[in-house]
Amino acid sequence: MRTSIRKFARFCLAAGLLAIPITLWGQEPSATATPTLSKAVMCETIEEYAPVNTAVVFSIERGRVSCYTEFDPVPEKTYIHHKWYRRDSLVTVKRLTINPPRWSSFTSVQLRDSDKGPWRVEITDANDTLMRTLRFSITD
């Protein structure tokens, strides 16, 4: 059976009837390729495009906390979201553009004294599909 499929494929290629690779027969092409989230961390700050002092508990005295995400590969230009929640209430949504072939991005929030307690950042793709959730806490 495989031999006859190969012969037919060679015939179609030679005749210019087949424009897609044989390995894709029977497969639907994807509408949009999704980037791969390779790293996601919470950190105190970003220096030289890298996270510094990653943790899950941060002191309010720092004044700011950052969410760092890295994507590899990124098949095509698209965007992602960082959705910041404090005590299950949405605080802010930040839309970030990411570009091929790989990309890193970050967002930060300024902390106030009333921001102590549990937090999370939900990282979603352009279709609002959840890619990862990062949980952390702000303390004294």
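Over the ring of which residue does the charged end of arginine 95 sit? The ring is that of tyrosine 79, and the charged end lies 3.5 Å from its centre. A charge counts as sitting over a ring if NZ of Lys or CZ of Arg is within 6 Å of the ring centre and within 35 degrees of the ring normal.

The model is predicted, so local features need pLDDT of at least 70 and side-chain atom pairs count only at pLDDT 80 or more, while totals for chains, interfaces and linings use all residues. Residues are numbered from 1 along each chain as its sequence is written, and side-chain values use heavy atoms, with hydrogens and water left out.

Aromatic rings come next. Four aromatic pairs are found in the structure; rings of Phe, Tyr and Trp (its six-membered ring) pair if their centres lie within 6.5 Å, and planes under 30 degrees apart count as stacked, over 60 as edge-to-face and the rest as tilted. Among them is the edge-to-face pair of tryptophan 84 and tryptophan 119, with 6.3 Å from centre to centre and 80 degrees between the planes. Tryptophan 84 belongs to strand β5 (residues 78-86) and tryptophan 119 to strand β8 (residues 117-124), so this pair ties together parts that are 35 residues apart in sequence. Strands here are DSSP runs (E, at least two residues), numbered from the N terminus.

Tryptophan 119 also forms a stacked pair with phenylalanine 136, at 6.0 Å centre to centre and 20 degrees between the planes. Phenylalanine 136 lies in strand β9 (residues 130-139), so the pair joins parts 17 residues apart in sequence. Tryptophan 119 has 5% relative accessibility and counts as buried, and phenylalanine 136 is buried too, at 3%; buried means under 20% relative accessible area, with a 1.4 Å probe and protein chains only. Ring pairs link Phe58, Trp84, Trp119 and Phe136 into a cluster.

Technical notes: Helices (H or I, at least four residues) and strands (E, at least two) are DSSP runs, numbered from the N terminus. Buried means under 20% relative accessible area, exposed over 50%, partly exposed in between (1.4 Å probe, protein chains only).
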